[in-house]
Amino acid sequence: MAINRLFGLGCTSVRGLIAVGVAAALCMVASQASAEVSTIRFARQLGLGYLQLYVAQDLKLVERHAKEAGLGDVTATYTPLGSPSAVNDALLSGSADLAAAGIPPFLILWDKTRSNIGVRALATLNSQPAYLNTNRPDVKSLADFTAKDRIAVPTVKLSYQAIILQMAAEQAFGEGQHAKLDTMTVSLSHPEATISLLSGRTEVTGSFTSPPFQYQQLESDKVHRVLSSYDVLGGPGSFSALWATGRFVEDNPKTAKAVLAAMDEASTFIRENPARAAEIYIRLDNSKLSPDFVQRIITDPEIQYSTTPQNILKYTDFMSRVGTLKNRPATWQELFFPALHDRSGS
């Protein structure tokens, strides 16, 4: 009563104020709970395997789809990194929200985080062949490499190229011999490996790389191809993907949906506007490659830009069999967030 008299309020008015206060507090809590990130941070590797991210950056596709989803003004940042281990480190350290690299590095992180942060892929980015090239004219197959040779891959035992090389070694030398060439591999970014191979003045005599770097190497009459990842896989397979932690997608469902929509739009843009996509790549990558050269790569029938997975289980079957993965997914859907589950992937 004393409090009521002090403020000149009756019991009904006090109860009304309390109700308003509780409602306001609940609204504040709900608002905080529904708030999503205002900055979306991507970490990606280098090359045309990540072309959707170049296009999305230049055309601000993530920002537009986020605004259309009611998220307001959102900023997307893109950090290029030279190796898949650096990309995964950025995600795990919290300095990136989404990571883009080759399929095997993603699978290894998925396997290691199943019981905690639950990393899964939001989308694939493309299917493209990776070439193992050499500057040694006498090397015609894997059996021709010697202990003196060094084969550059983005990250030893982790990168897409390192895993494909193990698969190729098993096919060439027999079951149980998948690691036969591991001692020859060295970790180099694609640009560094290309410089080393073309110079012919380093210990690097082989480079297992990706577009556009493999095609740059083959412009030299001193370099030839030993094998393609498509030879090893028996056909096309997804090369790269975009992944995040389960917590990020759970806390930012509209953001995740906007990112997927942006990647879908970027994929369509690349297919319909290869010349413009080539120009964007060259400009953002500060590349000295000619637009015609890059456009020819983008329109190569062997390369497909798509967010739908292709032959993912070929990787998991091998990696689980040789012990690289402890867990073997029964379906490709186990590896991806639900937004992709109804697509005709494999």
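Let's start with helix α3, which covers residues 51–59. Its buried residues are L51, Q52, L53, Y54, V55 and A56. Keep in mind that this is a predicted model.

## The nonpolar core

L51 turns up again when you look at the largest nonpolar core, which has 98 residues. F42, L51, V62 and W243 are the ones with the most contacts inside this core. Helix α12 is the top contributor here: it gives the most to the core, with nine residues. As a general point, nonpolar side chains tend to be buried together in soluble globular proteins.

Which residues does V62 touch? Not counting residues up to four places away in sequence, V62 touches I40, F42, A56, A76, Y78, V259, A262 and M263. One of these, A56, is among the buried residues of α3.

## The five-stranded sheet

Now for the sheet. Five strands make up an open sheet with mixed pairing, in the order β7-β6-β8-β5-β9. The edges are β7 (185–187) and β9 (224–228); each has a single partner strand, so one side of each is left without a neighbour in the sheet. On average, and with direction ignored, neighbouring strands are turned by 30 degrees against each other.

Zoom in on β5 (residues 131–134) and β8 (residues 204–208): they run antiparallel and are joined by three bridges. In this pair, T134 stands opposite G206 in β8. Helix α8 (residues 190–199) lies across β5, β6 (150–153) and β8, and runs at about 140 degrees to β8.

## Two buried loop residues

Is N252 buried or exposed? N252 sits in the loop between α11 (246–251) and α12 (253–272). Buried means under 20% relative accessible area, and N252 counts as buried because its relative accessibility is 5%. Leaving aside neighbours within four places in sequence, N252 is in contact with E36 and V37.

The other loop residue is T307, found between β11 (304–305) and α15 (312–321). T307 has a relative accessibility of 3%, so it counts as buried too. The T307 side chain makes a polar contact with the side chain of D264, at 2.6 Å. Again leaving aside neighbours within four places in sequence, the contacts of T307 are A123, T124, L260, M263, D264, S267, L340 and R343. M263 in that list is also one of the residues that V62 touches.

How values were computed
Residues numbered from 1 in each chain as written. Predicted model: local features only at pLDDT ≥ 70, side-chain atom pairs only at ≥ 80, totals over all residues. Heavy atoms only, no water. Helix = DSSP H or I, 4+ residues; strand = E, 2+ residues; numbered from the N terminus. Buried < 20%, exposed > 50% of the residue type's maximum accessible area, 1.4 Å probe, protein only. Contact = heavy atoms within 4.5 Å. Core = buried A, V, L, I, M, F, W, Y, C linked by side-chain atoms within 4.5 Å. Pairing = 2+ DSSP bridges. Axes fitted to C-alpha atoms, helices over the stretch in contact; angles between N-to-C directions. Polar contact = N/O pair within 3.5 Å; in protein donor to acceptor, adjacent residues only side chain to side chain.
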